[in-house]
Structures are given as C-alpha cells and as structure tokens.
Amino acid sequence: VLAVLLKVPLDTAQKNIANIDKDDFKKEGNSKIFAALKEYIMARKRPLDIKVFLANIAPGLKEILEPLYLLDISDLINDLDQNEKQLTNLVTKLKREAVKSELNVISGKIKEAEKNGMNDDLKTLSDKFVKLSKTLSS
C-alpha cells in the first residue's frame, strides 16, 4: 500500500489515504512512514516529490522507505483508470488484515479473562469481538 501511495497520482492518493489509519500497519516503521506520508500528501497541491519527502523523514525510516519507492509496481499501476480501483482494493485488504489482527488480540484477552474469571472484562471484550467481526462480513 505504501509503495502504491508513493506512485499513484496525487488526487488518487489523497482520496484513499483518508481511509487508512496508521494503526492499520502492523510494523511500527511502516506505521510511522504512513503517518508522515499522510500528512505530506494531504498538504500537497502538486505531485509527491520523493527527495523532499525523504529529506523530512526520520533517518531510521529512510532505510524502509527507499526500497518501497524503488519497488517496481508498474504491473499494479500501469493503467491510470485502474489506479484508484487497485489502491481501493489494497486499502480494503489492509483494513481486513488489521481487523483480523485485532480480533486475534481480543481473542487472547478473552481467553485470559475467562481463565481469571473477569466477567466484566469478558463481556466488554466479547462485545468488541462481535462488533469487529461484523466489519469483516460487510
């Protein structure tokens, strides 16, 4: 998703980036890059300038970002009409994976609450699990 956001037209990136949250990324580095990229893209009126963006990102993140930018994703974004569809599909997949990850965390907490007889926590966690599960089926 990050590699695609770096290369699609600005208007496509701006439309889709608003639907993503930094917590959707499992790796902390990717999450930090996304947060910086979102701020940068939303403030832009002209296409992304990778040199300017790299100059303003934390040094430890440059090692993650540079290979993403250099990644050949031309097969994903070669058709301008398909850019938005491709990015929307990637965002949907990212969101689904983030929800699945959260469900796994909640499931572990539910087991722990059951084991320790924490009924109030169990109810809250179960409700949250059901609510998140419904987002997967929609």
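Mentor: Let us begin with the contact of H2 with H3. In this predicted model, Leu-10, Ala-13, Gln-14 and Ile-17 of H2 meet Phe-34, Leu-37, Lys-38, Ile-41 and Met-42 of H3.

Trainee: How many residues of the contact of H2 with H3 are nonpolar?

Mentor: The H2 side includes Leu-10 and Ile-17, and the H3 side includes Phe-34 and Met-42. Divided by class, the contact of H2 with H3 has 1 charged residue, 1 polar residue and, as the number requested, 7 nonpolar.

Trainee: Are H2 and H3 parallel or oblique to each other?

Mentor: Helix H2 spans residues 10–17 and helix H3 residues 28–43; their axes lie 10 Å apart, and the packing angle is about 125°. The crossing of H3 by H2 is left-handed. The relation of H2 to H3 is therefore oblique.

Trainee: How are H3 and H5 oriented to each other?

Mentor: Helix H5 covers residues 59–70, and H3 packs with H5 at about 90°, with axes 10 Å apart. The range for this class runs from 65 to 115 degrees. H3 and H5 are therefore roughly perpendicular.

Trainee: What separates Lys-100 and Glu-97 in helix H7?

Mentor: The model has 5 salt bridges by the rule applied. One of them joins Lys-100 to Glu-97, whose closest N and O atoms are 3.6 Å apart, and the cut-off is 4 Å. Because the two residues are 3 apart in helix H7 (residues 80–115), the separation is about one helical turn.

Trainee: Which residues does Leu-122 contact beyond its neighbours within four places in sequence?

Mentor: Leu-122 belongs to helix H8, residues 119–137. Its C-alpha atom is 5.8 Å from that of Ile-110, 12 residues away along the chain. With neighbours within four places set aside, the contacts of Leu-122 are Ile-110, Ala-113 and Glu-114.

Trainee: Which element has the lowest mean pLDDT?

Mentor: The chain averages 87, and 94% of the residues score at least 70. Among the elements, H3 has the highest mean, 93, whereas the lowest, 69, belongs to helix H6 (residues 74–77).

Definitions and conventions
Residues are numbered from 1 along each chain as its sequence is written. This is a predicted model: local features need pLDDT of at least 70, side-chain atom pairs count only at pLDDT 80 or more; totals for chains, interfaces and linings use all residues. Side-chain values use heavy atoms; hydrogens and water are left out. Axes are lines fitted to C-alpha atoms, for helices over the stretch in contact, and angles run from 0 to 180 degrees between N-to-C directions. Helices (H or I, at least four residues) and strands (E, at least two) are DSSP runs, numbered from the N terminus. Angles under 35 degrees count as roughly parallel, over 145 as roughly antiparallel, 65 to 115 as roughly perpendicular and the rest as oblique. A crossing is left-handed if the near helix is turned anticlockwise from the far one by less than a right angle, and right-handed if clockwise. Contact means heavy atoms within 4.5 Å. Ala, Val, Leu, Ile, Met, Phe, Trp, Tyr, Cys and Pro count as nonpolar, Asp, Glu, Lys and Arg as charged, and the others, Gly among them, as polar. pLDDT is the predictor's confidence in each residue, from 0 to 100. A salt bridge is a side-chain nitrogen of Lys or Arg within 4 Å of a carboxyl oxygen of Asp or Glu.
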